[in-house]
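Work through the exercises below with the sequence and the model side by side. Each task is followed by a solution in steps.

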Amino acid sequence: MHRKRIDRRTMLKGVAVKGAGAVTIGLPLLEEMTASSAMAAEQADVPVRAFNVFFGLGIPAPLQKEGFDGVLEPLKPLSKKLLIMRGVDQLRADEKGINAHYDGATAAFTAEPPDGEAKAGGASIDQVIRRNHYRDGMPAGMVPTLVAGTFFRRSRIGRYVHSYNADGTVAATMQEKPRDLFERVFGTIGAVDEDPDKRRARLKRSVLDTVVDQYKFYTGANSPLGSTSKARIAEHLDRIREFEQRAYAMKGKVAGAPPLPPRSQLLHGGSADPGGEGIDITLQELSSEWRLMADLYALAIQTDRTRFGALTFLAAGERIRLKGDYEYDGRTVFQFDDEGQHKKSGSAGCSHEWWHQFNENKKNEALRAHAHLKMREIAYFLSRLDTEDSVDANGKTILENSLITISTESGDGRHNDVKRELSGVFHAISGAGGRFKTGRILDVGAEGVDVYNTMLTAMGCNDRLGPQKRDARAVDAIRA
Amino acid sequence: MRHLVQFRILLTLASLAFVAPVALAVERVERGLLVRYDFSEDDGQTIADRSNVGKPLNLVIDRSSRVRRSGGALVVESSSSIASTQPATKIIAAVKKSNAISVEAWLKPANRSQSGPARIVSISSNTSNRNLTLGQDKDFYDVRLRATGSDHNGLPSTSSPKRSLQTKLTHVVFTRDAGGKTTVYLDGKRVAGKTVKGNFRNWDDRQRLFLANEATKDRPWLGELHLVALYDRALSDKDVRQNFAAGSRAGRAPPSADNVVKADTLLFDRHVAPLFAKHCLECHDAAIKKGELDLSHKTSAVAGGESGKVVVPGKASQSLLWELVSSDDMPKDRPPLSPEEKDSLRTWIDSGAAWPVEAIDPAVYLNEGHAGEVWLQRLTVSEYIATVRSAVGVDIANEARQILPPDLRADGFNNTAYNLNIDLKHVEAYNKLAEIIVSRMDILEFAGRFSKSRKLSTDDTMRDHVAAMGKWLLRGPLDSNEINKYSGIATTVASAGGDFKEAIGYIVQAMLQSPRFVYRIEYQHGDGTSRLVDDYELASRMSYILWGAPPDEDLLRAAERGELTDRNVVEAQVKRMLKDPRTIERSEEFVSQWLNLGRLANLRPNAKKFPNWNAQLAADMQQETLAYFKEVVWTRNRPLSDLLNTQVTFATPPLARHYGLKPTGNNTDNKIARYDLTKVPSRGGLLTQASVLTIGGDEASMVARGLFVLNDLLRGTINAPPPCVNTVPPPTKTGLTQRGIAESRIADNKCGVCHTRFEPLAFGLEKFDGIGAYHDKDEHGNTLRDDGEVLFPGTAKPVAYQTSNELMDLLATSERVQQSLTWKVTQFALGRPLVAADAATVAKIHQTAQQAGGTYSDLITAIVMSDLVQRARTEATE
């Protein structure tokens, strides 16, 4: 990897909300424009924070039993600051006739089955905590909820968005490119025609991205056009870029913000999910972009630009054909070559299939390598919140002070047994300022809804997830 | 009205400047062709793709010792591998888009025992993964085809009946249409059929094309291959019969002796005739004939001038023409020929000085440079408005005309492709208009036209929804990348908390700004000549030519079914489309642009000289011409040339008074009324209408009016005046009329050479003042005249006329004028100036249209049926 890390040292002090005077350029950023400034007088030295971290496809329950000797190895350096929970059951999220990847992914952090194709069944943990602790809105200028991720499969939002309002709608727009995330956190976006509806402006920008892709195709190597026509389209493309710059370019950025990251080289939007057939990608490409996203997201937290949200590393049921040598801790773990190893192309050649082929009596070598990689990358993000730059006023790190919930979609990859698939779903949480027992692996053997509600109780929330009429069972074993 | 149609047709037939191309004896149906191998190579390891479609997908024989060439066939004698070195991308991409395919082969199996099936034509990667295989299984043919309804090995397959395979030369065709229906034909007859459901979305992009074996080299086929072709559509029964009738050797390159002749013709057409037109004919044509030399006609050029023969075929060094040109003594008082031009001239003389035409028409060579390049066409403002109206039912005319930059005029029209450039304002406008359009649409009703589903999920129905909607909005099927990208908007909207309606709205906004909406995109690669357009390209060409609007459902359906390969169907569609009111609107746009009627709104004649002029009168003049055009062309359905002399007009009361006519109807409502001009010989025809007469400016310039007649009616050519000449027309005065001024210029030794060609053309209009009012005397009391003479380009002697209405009759019955109208309408239809390479086809169009009656409808039909529309120019692929 040849990328320089972005960290808080590169930022000027005072970017955080409390030093409002340090924000030299106004921040007309989405929801915060209407957010209350009631919290401006907030005195707490350590703010309440909650983030959901999702990774796709999951870790089969039998592999979780191996603890840090198996695929969880990359979490070991952070083990004292994490509580790993095994035996969490999301079976109640199963919806007949709907793909379990989707059911399981939507249940992560909500414990509810999805409500149709574009909504979750209820709020996610982070949003419940946000509403309980910041009832009058977030401090002015702060990004109320930050949702981002590196992912490709996208047929339904439950696969990759993991922060939801109480009505099941997404809590914030997904930022899937480093630049978008950067601009969302550190930039001021120019609106079109002074339209106050910034969401609309963002969607229109996304539409323009698709339009740009079309023009790029007609100027590219596979264009059906001859040279003169191609030149005309290239001219059109230049004018769109000019328009894009004028209409949507970041007008300024927060004082001391890091440099604008480079344009993403990965596939995004519809191209990233060609009809569920999967995409080719190298380990280098995947890891580089994810780590840039992780850096930026961590920086947003470190600089107190956000306190709630979700980060996704690969979508539920993700379909990629990964290639590259995977090394960890000085040793070669595996040589990724999904297509070659499956000896199949298209969707059948994707890493996804290793999960469907999981057999606890076999080596599951490729699956193990992929799961190990996921843990390495999740650990990368968590470690960014555990550095010297991440020390809060109480002397502890953000990782220690925040509630960071890590989860996934399934405890097994075999669709033929939903019970097994949605049981034993991997979970891990950070200590949230000493509220939870860290430094251990617990077999909680409980329903996700009970685990989540116990977490909410510990976080001082009155609101609960799941149906009202239900015999709740507190999972006190997780509480400190 | 003068009924001289029959006489005109005879003239037409007699005087066409160019001979139509030699008709092909046998024609194969090749629309939708992707690759064609005719095995005509004498030796070597490469089998050339002779489709002239896109980048050639040539094949390489791995061991040439195992095959031999025999009479234009490739005989595979033992297991061999004949394969493309690259994936068969152009085939795969095209059929994924069309969901239809045809495989055609002329072959002779070596035996009836090979099986496997033995691979004859295959796009595959191994024995169990294939997109397509035409194979032999002992005594029958077997076709495996991958689709979402079959497996990755293309099973279940479609087979010909048992014992249907014979060891004789056989025409084998397999087709699969977009609906899934498959058919096997042997020697033109259907022998089997079934259904392969689904689409080709799951085709593997990386597979190569193989002949006579599998990729793994373990399924060899032995026998003779005479022809193999693949298409991106299902050939119809008729197509298959026609290709069977054409035989196994149809469509091959002509013998080499023909090529030599062709090379000579090309040298003359492309280099020599243009340089004569550009440098020589100004003085050495039939009319001026300086030094008694006329280089515009074959016989006179060969005969030479007062110094004798100027060209000695085969010997440039002994040719006077070469001597004078190479020494720069000629052209006189004009820039010398470039080294390249001189080189062409010398080569032409040295190689025998062939004259493939009887006469050189300089007008043919007027447009080169930009005009000769292959430009894609952006929708003009009016086409954009019509396209939006047709595609989504929204009238965006007011906003579009307000915020889209106007299309600028080039080469006489506003739809000239090379000039339809793009500015930031266009991009801003397309973006804004897309938003306005969507805000006015009933999105759910619109989306419901393509699918009942209202699901956002791209795993469920959104991709199909986008594909169906895109096919309509973008005038043809989308490929999988396009479907991915537009579907991606749905997921983006969903992840921002949006719903189905919002997602469709944004997808439509994206499509409305996409290149396939804003431009008319066609495939432009090839060998630098031309190729048959595909059905969707043809449908768009037809609709924009006839309507200036996109194909309607009927036409698009015909394209989808592959019916536009049938010329009868195309003609029937044109006939249907001609009845649509949009055809009339489009024709009015033609006349409006041709005569540049829009300029009337900007005219500001001298108020003292023309106190009656006002904006309303200018608008009335424009209205007059449009109403007159509609009357002649549509109400009376008369030949286009009748526009020059039909004795009727349409005027508002102020315009009628301006013309000296007694206004009819209510004077106060200013409505336009019809006036019979049978008894008003001074008026009648376009040239007597104020909209055209104002071309002469306040001084009623003979130069400007004459040039209009020369350029726009007679298709004459004239060089620009020398730089030192003051071109401001001198004013009239007592004793000096415009004619007097013109005559003095014509008499001038230097000016006269050119001015004699066009100023007399305007003599018949002298009685009309700068804004078209009729007078017998000018403001100085000079008596005005309307007699004169016309020198038709290409002819030696002028034709005299006594009155302006005689001039109108002369023009209306002139073959040259009729040809010019054909050229103008054809140029407008194609959206580009015509070049020398088009001349033969335009001549054929003209002949066909005149034989049919010479009306606008006849002409448009002939244009659509011509190679200028049925074929697309290509740019040579490197």
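**Exercise 1. Strands of chain B**

Task: Determine how many bridges join strand S9 (residues 129-137) of chain B to strand S10 (residues 140-145) of chain B, and in which sense the two run.

Solution. Step 1: the strands are DSSP runs (E, at least two residues; helices are H or I, at least four), numbered from the N terminus. Two strands count as paired if DSSP finds at least two bridges between them. Step 2: S9(B) and S10(B) run antiparallel and are joined by six bridges. Step 3: one such bridge sets Leu132(B) against its partner Leu145(B) in S10(B). Step 4: both strands belong to an open sheet of eight strands of chain B, ordered S2-S3-S6-S15-S8-S9-S10-S11, with antiparallel pairing. Its edges are strand S2 (46-47) and strand S11 (158-159) of chain B, each of which pairs on one side only.

This is a predicted model, in which local features need pLDDT of at least 70 and side-chain atom pairs count only at pLDDT 80 or more, while totals for chains, interfaces and linings use all residues. Residues are numbered from 1 along each chain as its sequence is written, and chains are lettered from A and ligands numbered from 1 in the order in which they are written.

**Exercise 2. A strand of chain A with two partners**

Task: For strand S12 (residues 427-430) of chain A, state which residues point which way, and find what stands opposite Ala428(A).

Solution. Step 1: His427(A) and Ile429(A) point one way, Ala428(A) and Ser430(A) the other. In a regular strand the side chains alternate between the two faces of the sheet. Step 2: all four are buried, that is, 20 or more other C-beta atoms lie within 10 Å of the residue's own, against 12 or fewer for exposed and in between for partly exposed, with C-beta atoms placed from the backbone. Step 3: strand S2 (residues 82-89) of chain A pairs with S12(A) in the antiparallel sense over four bridges, and Ile84(A) stands opposite Ala428(A). Step 4: strand S11 (residues 403-407) of chain A is also antiparallel to S12(A), over three bridges, with Ile406(A) opposite Ala428(A).

**Exercise 3. A helix face**

Task: Why do the buried residues of helix H24 (residues 738-747) of chain B line one face?

Solution. Step 1: the buried residues are Gln738(B), Arg739(B), Ile741(B) and Ala742(B). Step 2: down the axis of H24(B) they fall within an arc of 160°, so they line one face of the helix; the arc is that of the directions from the helix axis to the C-beta atoms. Step 3: these residues pack against helix H23 (702-713) of chain B.

**Exercise 4. Domains and the contact between chains**

Task: Locate the domains of chain A and describe its contact with chain B.

Solution. Step 1: by an automatic or database assignment, chain A has domain 1 (8-187 + 264-478) and domain 2 (191-248), with centres 33 Å apart over C-alpha atoms. Step 2: the contact takes 45 residues from chain A and 47 residues from chain B, two residues being in contact if their C-beta atoms, placed from the backbone, lie within 7 Å. Step 3: on the side of chain A, the elements giving two or more residues are helix H5 (198-219) and helix H6 (227-248).

**Exercise 5. Confidence**

Task: Which pLDDT does chain A average?

Solution. Step 1: pLDDT is the predictor's confidence in each residue, from 0 to 100. Step 2: chain A averages 86, and 88% of the residues score at least 70. Step 3: pLDDT stays under 50 over residues 189-195 of chain A.
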